[in-house]
Amino acid sequence: MSRFLSTDFRAGKRKGIQLNKMQQSIKNNSWIELTARWILGITFIYASLHKIISPADFAKIVYGYDLFPEMFINLIAIVIPFLELVTGFALIIGLYPRSAAIIINILLLFFITVLAINLIRGHEFDCGCFSAGQSGYTSSSEVTLVRDVIYFILGMQIVLFEGHRRSCFGRPAPRHQ
Amino acid sequence: MVIRKTIKEIIILVGVSVALALAVNTLSPRGIALVGQWDIAAGVITARPAGDSAGQPKEIDSVARAKTLFDKGDVLFVDARSQNHYGNGHIPGAVSLPVGQFEERIGSFLNHYPPEQPIVTYCSGRTCEDSHELARFLLDVGFTNVQVFIDGFPGWEAQGYPIE
């Protein structure tokens with residue numbers, strides 16, 4: 001009996017190590033890193049465009065979360081889309097990729113918190129306007145929340161990645177990998 | 001050190017974003033003011049355009065005044081909300097002219113009403129700017145007497161005034 005237990009125990013331990021190895025190889029896989037950068041980059045650039053084109057509509061959405069002081073609503077609506085655009089672009093061309101991913105993850109944590117607070121307190125804002133329906137904000141808070149968590153995990157891979165990043169701006173690719 | 005390098009890079013990226021954001025917002029015709037009007041008690045909430053607010057339609061900011069105009073009977077109420085909202089209830093006698101379908105609908109509207117027709121537009125109250133946009137459109141196509149009832153249908157309904 002004790003033998004079985006000890007074998008099980010050792011097997012479990014080995015499995016644990018293998019899992020760690022797997023996590024390691026995901027973390028340091030440069031193809032996954034490149035894919036994550038492109039997915040986040042394209043997503044963030046795309047998401048920024050609606051908001052840049054109509055800042056007034058985005059400001060109303062920021063107002064609708066009912067969490068920010070009136071003074072800062074417009075500033076948030078003006079600056080956040082450009083943070084998304086610039087960091088998204090930086091990720092794609094590989095300029096300061098880790099720093100860009102850190103900013104994106106801070107943004108994502110901010111979005112996740114805002115969405116979670118409003119889901120928990122059951123706050124939903126409907127201005128009854130045309131503009132809100134036309135700006136492409138159609139998915140529910142739940143879906144957006146799950147999506148943001150997935151983006152956050154992708155962002156973590158980019159932040160934690162140690163090794164040579166593929167196709168980065170201003171840095172020649174190494175001869176052999 | 002890595003941390004110092006990262007902090008420096010973050011400052012650069014954030015700095016570029018903020019500079020770009022302010023520059024584009026200043027130059028863009030769709031730019032907004034740095035501080036908006038987000039106090040419901042003070043009127044309709046709006047991000048406020050960056051430029052001056054000349055050419056804004058006149059506002060009716062009390063439900064009682066809207067009711068007085070309604071009782072006079074010569075004013076045409078125009079509902080800026082969607083057909084759906086209009087169907088679910090509107091101010092009696094109001095005409096539906098959804099601001100999102102203005103171009104398709106304005107032709108027949110012009111055929112029915114002369115430019116001097118007194119008009120009051122409304123939508124879903126103070127969180128909604130559609131009635132303002134509709135009023136500007138109507139002024140643009142030549143109507144001379146257009147006002148906005150800013151408390152809109154919810155304000156009207158809350159007073160217990162008749163709806164249909």
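Predicted model: local features only at pLDDT ≥ 70, side-chain atom pairs only at ≥ 80, totals over all residues.

1. Tyr96(A) sits in the loop between α4 and α5 of chain A. Its phi is positive, about 45°, although Tyr96(A) is not a glycine.

2. Compare a loop residue of chain B. Arg48(B) also has a positive phi, near 65°, and is not a glycine. Its place is in the loop between α1 and β1 (58-60) of chain B. Is Arg48(B) buried or partly exposed? It has 17 other C-beta atoms within 10 Å, between the limits of 12 and 20, and therefore counts as partly exposed.

3. Now chain A as a whole. Its secondary structure comes to seven helices and zero strands. The order from the N terminus is α-α-α-α-α-α-α. Of its 177 residues, 30% count as buried. Take the contacts in chain A between residues at least 6 apart in sequence: 77% of them join residues at least 24 apart.

4. The axes of α4(A) and α5(A) come within 9 Å and cross at roughly 145°. The crossing is left-handed. On the α4(A) side, the contact is made by Leu83(A), Glu84(A), Thr87(A), Ala90(A) and Leu91(A). From α5(A) come Pro97(A), Ala100(A), Ala101(A), Ile103(A), Ile104(A) and Leu107(A). By class, the contact of α4(A) with α5(A) has nine nonpolar, one polar and one charged residues.

5. α4(A) also packs on α2(A), residues 30-53. Their axes come within 8 Å and cross at roughly 150°. The two helices are therefore roughly antiparallel to each other. α2(A) passes α4(A) in a left-handed crossing. Contact residues of α2(A) include Arg37(A), Trp38(A), Phe44(A) and Lys51(A). Those of α4(A) include Pro81(A), Glu84(A), Gly88(A) and Phe89(A). The contact of α2(A) with α4(A) divides into 11 nonpolar, four polar and three charged residues.

6. How many other C-beta atoms lie within 10 Å of Gly88(A)? There are 22, and Gly88(A) is buried. Leaving aside neighbours within four places in sequence, Gly88(A) is in contact with Leu40(A), Gly41(A), Phe44(A), Ile45(A) and Ser48(A). Gly88(A) and Arg37(A) are 51 residues apart in sequence, yet 8.2 Å apart in space, C-alpha to C-alpha.

7. Next, α5(A). At 1.5 Å a residue, its 24 residues should span 34 Å, and the end C-alpha atoms are 34 Å apart, which agrees. The buried residues of α5(A) are Pro97(A), Ser99(A), Ala100(A), Ala101(A), Ile102(A), Ile103(A), Ile104(A), Asn105(A) and Leu108(A). What do they pack against? The partners are α2, α4 and α7 (141-160) of chain A, together with α1 of chain B. After α5(A) comes Gly122(A), with a positive phi near 65°.

8. That leads to the contact between the chains. It takes 29 residues from chain A and 33 residues from chain B. On the side of chain A that touches chain B, α3 (55-64), α4 (70-93) and α5 (97-120) of chain A are the elements that give two or more residues. The largest share, 13 residues, comes from α4(A). This side of chain A divides into 21 nonpolar, five polar and three charged residues.

9. Last, the helix from the other chain. α1 of chain B, residues 2-27, has 26 residues. It reaches 37 Å from its first C-alpha to its last, close to the 38 Å expected at 1.5 Å a residue. Which residues of α1(B) are buried? They are Leu13(B), Ser17(B), Ala21(B) and Asn25(B). Residues three or four places apart in an α-helix point the same way, because there are 3.6 residues a turn. The buried residues of α1(B) pack against α3, α4 and α5 of chain A.

Key
Residues numbered from 1 in each chain as written. Chains lettered and ligands numbered in written order. Helix = DSSP H or I, 4+ residues; strand = E, 2+ residues; numbered from the N terminus. Contact = placed C-beta atoms within 7 Å. Nonpolar A, V, L, I, M, F, W, Y, C, P; charged D, E, K, R; others polar. Expected span 1.5 Å × (residues − 1). Axes fitted to C-alpha atoms, helices over the stretch in contact; angles between N-to-C directions. Parallel < 35°, antiparallel > 145°, perpendicular 65-115°, else oblique. Left-handed = near helix turned anticlockwise from the far one by under 90°.
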